[in-house]
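Dear colleague,

Please find below the structure that I am handing over to you, together with its sequence.

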Amino acid sequence: MTVRTTRRAFLSAATMMAAALAATACGSPQDTATGGGDSAAPVKVGLVYSQSGALASYGKQYIEGFKAGLDFATKGTGKVGDRKIELTEVDDAGDPAKAVSAAKDLIGKGTKIIAGSTASGVALQVAPIAAQNKVLFISGPAATDAVTGANKYTFRSGRQSYQDVVTAKSFIGDPTGKKVVVFAQDGAFGDANEAAVKAVIGSAGATVSSVRAPASATEFTPFASQIKAAKPDLLFVAWAGTTAPAMWQTLDQQGVLSSTTVVTGLDIRASWPTFGAAGAKISFLSHYFDGASDTEASKALKAKVNTIDLFHPDGFAAAQMVVRAAQEGGDDVDKMVTALEGWSFDGVKGKMTIRAADHALLQPMFQAKLTGSGTAFTATAQKSLTGDETAPPAVAMKG
């Protein structure tokens with residue numbers, strides 16, 4: 001599957017940064033562990049994520065990353081001051097209704113911090129619950145841009161779709177006068193990707209068109225011919241499903257991959273063999289892959305999971321944010337919010353900054369290439385983009 005998580009078009013607004021970032025001193029939350037609130041009571045944290053369902057592999061990486069991040073942020077104690085961080089894990093199976101039910105149940109039991117949300121649809125349903133009940137919600141791998149600015153109680157520990165497409169734009173430099181073609185399947189997924197590319201790359205001066213294929217298509221030569229005839233400077237491929245190997249093979253055989261810059265998203269490691277022989281000819285936008293950074297956090301994570309995959313950093317960052325919130329806020333959720341707004345910390349990817357204005361998580365993104373083949377593919381970073389370079393437009397806080 002490719003570009004699975006670029007699923008939503010973005011809200012557009014003038015880019016702005018918070019004028020005063022009082023809490024932006026770069027550091028990791030393990031620097032202090034004073035805590036607050038009832039010193040005898042645990043800090044209850046509810047983790048609602050996909051343990052089963054279509055995104056279970058994403059959820060597995062998230063929880064592994066979270067536990068490694070908690071160990072890192074608390075220096076192995078699992079505590080904030082003298083207070084133990086008590087985790088309750090709930091499987092939402094990617095179902096928003098199950099997630100909402102789980103969140104309400106946790107809140108009813110006194111939980112003031114909820115994290116997780118592997119799926120975008122789940123995050124968008126849990127965010128209002130957090131605002132209604134004034135609890136802290138830290139969304140996870142869910143990439144929809146709508147989580148940013150959802151309300152004052154909602155944050156995110158992963159990247160958002162805008163950051164994906166800005167990274168794709170970086171492959172062609174100045175887009176002015178360039179021709180970009182989006183190759184995607186018919187349907188909501190393809191619609192969202194096409195809209196995203198038009199919003200980000202088209203608005204920067206490129207001419208964006210599309211070649212769309214029915215989701216049921218199994219013969220891709222006609223579409224490859226259309227793409228070659230368009231002579232794009234950049235081909236952005238957004239594809240999901242079991243036909244991906246045949247699609248990539250056709251683009252390669254028809255010379256598309258050698259005639260232009262072809263960009264797609266680098267999904268979890270298990271998906272890499274689907275690229276086949278085409279893998280080494282594609283340019284990848286990447287949220288993360290093993291070896292993309294060399295930070296203290298990445299070393300700590302690798303020591304725990306051996307091979308870092310796409311969504312391990314999201315869980316790791318969530319744990320860092322949870323510890324920061326509990327340290328500075330005690331049992332006062334509004335103080336937790338204040339402690340996170342404008343905070344910069346050293347994460348797995350590098351410097352991470354929570355923008356105070358709308359809670360966007362500014363973070364590095366990567367250009368990547370694959371070498372080798374099949375299960376032996378190795379990813380290497382071609383370029384790292386800073387959090388400022390991939391910052392999404394600031395949006396007004398909705399609640």
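**Overview of the model**

Residues 42–372 have end C-alpha atoms that lie 48 Å apart, and this span is 38% helix and 22% strand. Here helices (H or I, at least four residues) and strands (E, at least two) are DSSP runs, numbered from the N terminus. This is a predicted model, in which local features need pLDDT of at least 70 and side-chain atom pairs count only at pLDDT 80 or more, while totals for chains, interfaces and linings use all residues. Residues are numbered from 1 along each chain as its sequence is written, and side-chain values use heavy atoms, with hydrogens and water left out.

For residues 42–372, an unreviewed UniProt entry lists "domain: Leucine-binding protein". UniProt positions are given in the numbering used here, feature names are shortened, and such annotations may be inferred rather than shown by experiment.

**The six-stranded sheet**

An open sheet is formed by six strands in the order β2-β3-β1-β4-β5-β6, with mixed pairing. Two strands are said to pair if DSSP finds at least two bridges between them. At the edges are β2 (79–80) and β6 (154–156), each of which pairs on one side only. Helix α2 (residues 96–108) packs on this sheet and touches β1, β3 (83–91) and β4; its direction makes about 170° with that of β1. Contact means heavy atoms within 4.5 Å. For such angles, axes are lines fitted to C-alpha atoms, for helices over the stretch in contact, and the angles run from 0 to 180 degrees between N-to-C directions.

Strand β1 is joined to β3 by seven bridges, and the two run parallel; in this pairing Val43 stands opposite Ile85. With β4, strand β1 pairs in the parallel sense over four bridges, and Gly46 has Ile114 of β4 as its bridge partner. Because six of its seven residues are buried, β1 is largely enclosed by the rest of the structure. Buried means under 20% relative accessible area, exposed over 50%, and partly exposed in between (1.4 Å probe, protein chains only).

Strands β4 (residues 113–116) and β5 (residues 136–139) also pair in the parallel sense, over four bridges, with Ile113 opposite Leu136. Helix α11 (residues 333–340) lies across β4, β5 and β6 and runs at about 40° to β5.

**The seven-stranded sheet**

Seven strands form another open sheet of mixed pairing, in the order β8-β7-β9-β10-β11-β15-β16. Its edge strands are β8 (207–213) and β16 (378–385), each pairing on one side only. From one strand to the next, the twist averages 30°. Within this sheet, three bridges join β10 (residues 261–265) to β11 (residues 283–286), and these strands run parallel; Gly265 stands opposite Leu285.

**The nonpolar cores**

Which residues touch the most other members of the largest nonpolar core? They are Phe66 and Leu136, in a core of 59 residues. Helix α10 (residues 312–329) supplies the largest share of this core, eight residues. A second, separate core of 41 residues includes Phe72, Ala217, Met247 and Trp272. A nonpolar core is a set of buried Ala, Val, Leu, Ile, Met, Phe, Trp, Tyr and Cys residues joined through side-chain atoms within 4.5 Å.

Apart from neighbours within four places in sequence, Phe66 is in contact with Val45, Leu47, Leu87, Gly315, Phe316, Ala318, Ala319 and Val322.

**Individual residues**

Is Ser50 buried or exposed? Ser50 is buried, with a relative accessible area of 0%, and is placed in the loop between β1 (43–49) and α1 (56–73). A polar contact of 3.3 Å joins its side chain to that of Asp92. The side chain of Ser50 also reaches the backbone nitrogen of Gly94 at 3.3 Å. A polar contact is a pair of N or O atoms within 3.5 Å; within protein, one must be able to donate a hydrogen and the other to accept it, and residues adjacent in sequence count only if both atoms are side-chain atoms.

Asp294, in the loop between β11 and α9 (296–305), counts as exposed at 62% relative accessibility. Asp294 and Thr260 are 34 residues apart in sequence and 32 Å apart in space, C-alpha to C-alpha.

Yours sincerely
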